[in-house]
Amino acid sequence: PVLRETGGDAALFAPLTQEGLSDTLERALEPDTAARLRTHAAARAPHLRWDPVIDAWEELLSRVARQG
């Protein structure tokens with residue numbers, strides 16, 4: 001599992017509160033914050049591919065099919 005870094009590539013907010021989400025979204029839309037989030041997202045994007053997910057599903061489905 002990958003952990004997110006608050007202030008790096010993630011924005012956390014208090015769960016179940018409209019104010020927490022609203023405040024976090026407002027901060028994420030500030031030009032400096034938005035630029036930093038875009039930079040971090042662009043750096044991570046090449047590593048986020050479907051191939052490993054597809055491989056894992058194919059393996060799982062093959063094992064289930066073999067069992068019966």
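This is a predicted model: local features need pLDDT of at least 70, side-chain atom pairs count only at pLDDT 80 or more; totals for chains, interfaces and linings use all residues.

Colleague: How many helices and strands does the protein chain have?

Modeller: Three helices and zero strands, counting DSSP runs numbered from the N terminus (helices H or I, at least four residues; strands E, at least two). Along the sequence that reads α-α-α.

Colleague: What share of the residues counts as buried?

Modeller: 10% of the 68, with buried meaning under 20% relative accessible area, exposed over 50%, and partly exposed in between (1.4 Å probe, protein chains only).

Colleague: OK, T24 then. Buried or exposed?

Modeller: T24 is buried, at 6% relative accessibility. T24 sits in helix α1, residues 18–28.

Colleague: And what is T24 in contact with?

Modeller: Leaving aside neighbours within four places in sequence, T24 is in contact with A11, L12 and F13; contact means heavy atoms within 4.5 Å.

Colleague: Switching topic: where is W50?

Modeller: In the loop between α2 (31–44) and α3 (51–67). W50 is exposed, with a relative accessible area of 65%.

Colleague: How much accessible surface does the protein chain have?

Modeller: About 6,000 Å², and 62% of that belongs to carbon and sulfur atoms. Those areas come from the Shrake-Rupley method with a 1.4 Å probe; for residues, only the protein chains shown count as cover.

Notes: Residues are numbered from 1 along each chain as its sequence is written. Side-chain values use heavy atoms; hydrogens and water are left out.
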